[in-house]
Amino acid sequence: MLNGFPKLSSLFFLFFTLVLFCGGSLYEATAAEEHPGHRAAHGGVLNVIGKELGHAEIIVREDRLEAWFVGGGEDTIRSVPIQVKAIPLTVSIPGKAGKRLVLKPDPLKLAGETVGRCSHFVAQASWLKEAKEFEARGELIFKGTRQKLIIQYPNGYGHDCEAH
Amino acid sequence: MSFWRIVLRSLRHHRFSSGLAVISIAMGIALLIAVYSFKEQTHNTFTQVGLGVDAILAPKGSPLQIVLNALYHLEEMPGKIKWSYFKEVEKDPLVVQAIPFAVGHSYGGFRVNAIDRKFLTDFEYLPGKSFSFSEKDGGQGRSFNAPNEAVAGWAAAKALRLHLGDEFSPVCGVREGDPVHETEHLRFVGILAPTGTPHDRALYIPLETFYLLAGHPVETQKMAKSEEYREISGAYLKIKRIRGGAIHPGIQGLQYAINQSDRNQLVVPNEVMPRLFNIIGWVDRVLIAIAAILTALSALFLFFSLLSALRERRRDLALFRALGATRRTVTGLIVFEALLISILGGVLGLVLGHGLISLGAHFIKMETGVGFTPGYLSRADWLVMPGTVLLGLLASVLPAIQAYRLGVLRNLSPIS
């Protein structure tokens, strides 16, 4: 007589376990997709200048705000030097009194920048530490034309989807 | 008689078709194993390791071309960078090591990299691993100390059959027919121990020798004396690390600043190589598709061999049933026969696959200097056994159903 034969139910169990195992292993290949859109070179917040003429990329760390002026459209990793020695800003913080902030040039020496032809600016103020949200407005000559500079932090100005 | 003994006897009885099924499954599996292993190991080598170089300071041009030239000794550098600019970058607090080099010479088909001596003595091509001249590691001699001395990478020395004390005249260029610096005779004083990286496939001379080679124009020779005029092809940079060994995030800012300059750029190999894999990814996919089709065909072969074996054994199986075997038992015979064939095929495929990697790894190392580990376990290795068992189960479904439905009386009736 025949003996030692495993039950059919255990075969079915084995079959479905294998299908799940192999199927699960293949799934990960389709998971990764690139997020299209603007890319902030320093991982900051992009604020549109003019009609996509350029962007101001903003990072706030502690009491220091850094701004990089970059190209428009998707050209957000190319610097645009500004020919000014300072950019005064009027800042409004929800529920608090207005503040003033001055962006001062901090030239990228390795890019050959100098004060007066610089794309990187910094500002320092103690209230920045507590400011979770603010809007700063100013003016500057950008690519030869006078433009309004509007910085909305932390969401960015002029884009529906920021901080890529 | 036990169930398993019947299964084994049946396999022995149909050993030719069963053997062919095992071989065809093994071939498909072996190809899958080899393709996946090469794919994953290549990806790891070209993206995660970075050959010890966090970033390359280079002239403007294609980043991929720069990585291929600076790290893999292929292609050509698109230009030169100023020594003064290199010194500026070297001063950046994020840069912990900067090694300048000048390329553009070759010998016997291998690139001659004129490089700062620090590369051979202080540079780590992998975390904690520096170049070795020690005989116990497979190296010989020492690093260069004089302008007329040279060092050979392990694979280059092996291919060119170089020995310590041998002399050579570098070719001024990397193409066939380029002029030779005939009056220059550089002497090999060291052969590097194998590293399993493309660094093995180059010859190294002191950086200053590059400018002083007889036959170079006056402007180039002036670069040896004056830092103001000096130019280099690029520099390997090691960037400061943060906790956990990750590269300091400040590299983004450094790269941005350098990339804004007119003539220079900072290329991060770990950013560039994945792009290459995106471009050539279709090759992998085609190879994997071929291996998958082969495996599927082998499953089909298994299916037909089971089906034909079943036709031959109808009478035997009917006899089993008459002797008291249940429908489930007869079905199980078919299923387990298929399982045994597929498992044997899987195991043989694993062995063949890794044998194939071992064979290919030898040739790839000689051609590219990139080392592959035959014992590396890729994602495919973990899927092979469950996959082949699944394959066996699938191939046995229809024959097993036919065995289940087998009519005892009809198949036991006299044949003539």
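Q: Is V103(B) buried or exposed, and how many C-beta neighbours does it have inside 10 Å?
A: In this predicted model, V103(B) counts as buried because it has 23 C-beta neighbours inside 10 Å. A residue is buried if 20 or more other C-beta atoms lie within 10 Å of its own, exposed if 12 or fewer, and partly exposed in between, with C-beta atoms placed from the backbone.

Q: What should I know about the numbering and the confidence limits?
A: Residues are numbered from 1 along each chain as its sequence is written, while chains are lettered from A and ligands numbered from 1 in the order in which they are written. As this is a predicted model, local features need pLDDT of at least 70 and side-chain atom pairs count only at pLDDT 80 or more, whereas totals for chains, interfaces and linings use all residues.

Q: Where does V103(B) sit?
A: V103(B) belongs to strand 3 of chain B, residues 95–107. Helices (H or I, at least four residues) and strands (E, at least two) are DSSP runs, numbered from the N terminus.

Q: Which residues is V103(B) in contact with, leaving aside its neighbours within four places in sequence?
A: They are N69(B), M77(B), R111(B), N113(B) and S233(B). Contact requires that the C-beta atoms of two residues, placed from the backbone, lie within 7 Å.

Q: And I56(B), is that buried or exposed?
A: I56(B) is buried, with 24 other C-beta atoms within 10 Å. Its place is in strand 1 of chain B.

Q: What does I56(B) touch, not counting residues up to four places away?
A: I56(B) touches I66(B), V67(B), A70(B), G234(B), Y236(B), L237(B), V267(B) and P269(B).

Q: How many residues of helix 3 of chain B are buried?
A: 8 of the 10 residues are buried, so helix 3 of chain B is largely enclosed by the rest of the structure. The buried residues are P63(B), I66(B), V67(B), L68(B), N69(B), A70(B), L71(B) and Y72(B).

Q: What do the buried residues of helix 3 of chain B pack against?
A: They pack against strand 1 (55–59), strand 3, strand 13 (234–239), strand 14 (264–267) and helix 10 of chain B. Just after helix 3 of chain B, H73(B) takes a positive phi of about 55°.

Q: At what angle do helix 3 and helix 10 of chain B cross?
A: The axes of helix 3 (residues 63–72) and helix 10 (residues 269–312) of chain B cross at roughly 110° and come within 9 Å. That makes helix 3 of chain B roughly perpendicular to helix 10 of chain B. Axes are lines fitted to C-alpha atoms, for helices over the stretch in contact, and angles run from 0 to 180 degrees between N-to-C directions. Angles under 35 degrees count as roughly parallel, over 145 as roughly antiparallel, 65 to 115 as roughly perpendicular and the rest as oblique.

Q: Which residues meet there?
A: From helix 3 of chain B come P63(B), L64(B), V67(B) and L71(B), and they meet P269(B), V272(B), M273(B), R275(B) and L276(B) of helix 10 of chain B.

Q: How is chain B divided into domains?
A: Domain 1 of chain B covers 3–45 + 276–412, and domain 2 covers 55–267; the bounds come from an automatic or database domain assignment. The C-alpha centres of the two domains of chain B lie 49 Å apart.

Q: Turning to chain A, how many helices and strands are there?
A: Chain A has 1 helix and 8 strands, in the pattern α-β-β-β-β-β-β-β-β along the sequence. Of its 164 residues, 28% count as buried.

Q: In what order do the strands of chain A lie in the sheet?
A: The 8 strands form an open sheet in the order 1-2-3-6-5-4-7-8, with antiparallel pairing. Strand 1 (45–49) and strand 8 (145–153) of chain A stand at the edges with a single partner strand each, so one side of each is left without a neighbour in the sheet. Two strands pair if DSSP finds at least two bridges between them.

Q: How many bridges join strand 2 to strand 3 of chain A?
A: There are 8 bridges between strand 2 (residues 54–61) and strand 3 of chain A, which run antiparallel. H55(A) stands opposite V70(A) in strand 3 of chain A. Their hairpin has 2 residues between the strands, and E62(A) takes a positive phi near 55° there.

Q: Over how many bridges do strand 3 and strand 6 of chain A pair?
A: Strand 3 (residues 64–71) and strand 6 (residues 120–124) of chain A pair over 5 bridges, in the antiparallel sense. E66(A) stands opposite V122(A) in strand 6 of chain A, and R64(A) has Q124(A) as its bridge partner in that strand.
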